Amino acid sequence: MKPYKKIVLAGGNGYLGTVLAKYYRNLADEVIILARKQKPVNGNVHTALWDGENEAGWTVHLAGADMLINLCGKNVNCRYTEKNKREIIRSRVVPTELLGRVIHKMVNPPKVWINVTSATIYRHAEDHPQDEETGEIGYGFSIDVCNIWESTFFKTDTPHTRKIALRMGIVLGRSDSVFPRLLNLVRFGLGGKQGDGQQYMAWVHEHDVARSTQWLLDHPELKGVFNCTAPEGAKNTDMMHAIRKAYGAPFGLPAPQWLLEVGAIVIGTETELILKSRWVMPKRLLDSGFKFQYEKAEYAVHDILSVRE
């Protein structure tokens, strides 16, 4: 008998949703993905159509769920034009408001609602790590997004649903997200430090992300804001060195800030994603007794590179 009946992943067709669906398919009777595009049934993983804006037939899937994880949000890996800024905010706020309205009215709502937000809410930090209790909120557009997002999440009244804002670091895995891009730089001899290399990277292995959501589900006393990042932050220069060493690359050309700024314009992104120092500590997870399987960057890199492509 599986420990859970139903796990629901809103906006779950992306990279992290795929990771979570794979993790929970062996732990739950059914995994429901709320998505804009239908996908074939894959064992006990089903897709329910939704547009993230309107109540419709998908709402029945929330009833009796052990956990809802909301993963909605336009990728921030883009230029911060006014149009993109509006869409980045809207794609986070509107689905969160919608889920809140539906859950508020339900007789048998999900027991737990995890909203995956972002660890980039904290200030640029090279002096000491930022935790949930003493961390200092930063400034700028990406922080504004996080503040609006979390306030939207917590303002909804859901008396029978425990709520957790999971401030996610950069998720490392082989199939997508940041790691394949860093690995490609290493492959082509460009895997040196970016900028001065002293900026911290708030990272977390994809398997620890999945394990942390199960931990939060299994501990009903836990609610509120949680950081989801590995306990040991890695400086950019150290992360690139770990990847080069594990891959067997003898050297990697560095990318100075001016070159990154030019490159960011060419590929349509922002240098903040590379140069901001995110040094974030998962204090509340650690205090609750959660043990990370991949605490150090080199452990995570070795594991990811051991996975067959």
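This report walks through the sheet, the helix pairs and a few single residues of the structure above.

The model is predicted, so please keep its thresholds in mind: local features need pLDDT of at least 70, side-chain atom pairs count only at pLDDT 80 or more, and totals for chains, interfaces and linings use all residues. Residues are numbered from 1 along each chain as its sequence is written, and side-chain values use heavy atoms, with hydrogens and water left out.

## The sheet

Let us start with the strands. Helices (H or I, at least four residues) and strands (E, at least two) are DSSP runs, numbered from the N terminus. Two strands pair if DSSP finds at least two bridges between them. With that in hand, seven strands form an open, parallel sheet in the order 3-2-1-4-5-6-10. Strand 3 (45-49) and strand 10 (224-228) are at the edges with a single partner strand each, so one side of each has no neighbour in the sheet. On average, neighbouring strands of this sheet are turned by 25° against each other, direction ignored.

Methionine 168 has cysteine 228 of strand 10 as its bridge partner, and arginine 167 stands opposite asparagine 227 in strand 10. Strand 10 is mostly covered, with five of its five residues buried; here buried means under 20% relative accessible area, exposed means over 50%, and partly exposed lies in between (1.4 Å probe, protein chains only).

## Helices on the sheet and on each other

Contact means heavy atoms within 4.5 Å. Axes are lines fitted to C-alpha atoms, for helices over the stretch in contact, and angles run from 0 to 180 degrees between N-to-C directions.

Next come the helix pairs. A crossing is left-handed if the near helix is turned anticlockwise from the far one by less than a right angle, and right-handed if clockwise.

| Helix pair | Angle | Axes apart |
|---|---|---|
| Helix 1 and helix 5 | about 60° | 10 Å |
| Helix 2 and helix 3 | about 15° | 9 Å |
| Helix 4 and helix 6 | roughly 65° | within 10 Å |

Angles under 35 degrees count as roughly parallel, over 145 as roughly antiparallel, 65 to 115 as roughly perpendicular and the rest as oblique. Helix 1 and helix 5 are therefore oblique to each other, and their crossing is right-handed. On the helix 1 side, the contact is made by Tyr15, Leu16, Val19, Leu20, Tyr23 and Tyr24, and helix 5 brings Glu206, His207, Val209, Ala210, Arg211, Thr213 and Gln214. These residues divide into eight nonpolar, three polar and two charged, where Ala, Val, Leu, Ile, Met, Phe, Trp, Tyr, Cys and Pro count as nonpolar, Asp, Glu, Lys and Arg as charged, and the others, Gly among them, as polar.

For helix 2 (residues 82-105) and helix 3 (residues 141-155), the packing angle is about 15°. That makes helix 2 roughly parallel to helix 3. Helix 2 passes helix 3 in a right-handed crossing. Their contact includes Ile88, Ile89 and Val93 of helix 2, and Val145, Ile148 and Trp149 of helix 3. By class, the contact of helix 2 with helix 3 holds eight nonpolar, two polar and four charged residues.

Helix 4 and helix 6 also have a right-handed crossing. Phe179, Leu182, Leu183, Val186 and Arg187 in helix 4 meet Met240, Ile243, Arg244 and Tyr247 in helix 6. The contact of helix 4 with helix 6 has seven nonpolar, no polar and two charged residues.

Threonine 117 sits in strand 5 and is buried, with a relative accessible area of 4%. Neighbours within four places in sequence aside, threonine 117 is in contact with Trp149, Glu150, Ala165, Leu166, Arg167 and Met168.

Arginine 36 lies in the loop between strand 2 and strand 3 and counts as exposed, at 59% relative accessibility. The C-alpha atoms of arginine 36 and aspartate 51 are separated by 5.5 Å, although the two are 15 residues apart along the chain. Leaving aside neighbours within four places in sequence, arginine 36 is in contact with Leu49, Trp50, Asp51 and Gly52.

Serine 177 belongs to the loop between strand 7 (170-172) and helix 4 (178-187). Its phi is near 70°, a positive value in a residue other than glycine. At 21% relative accessibility, serine 177 counts as partly exposed.
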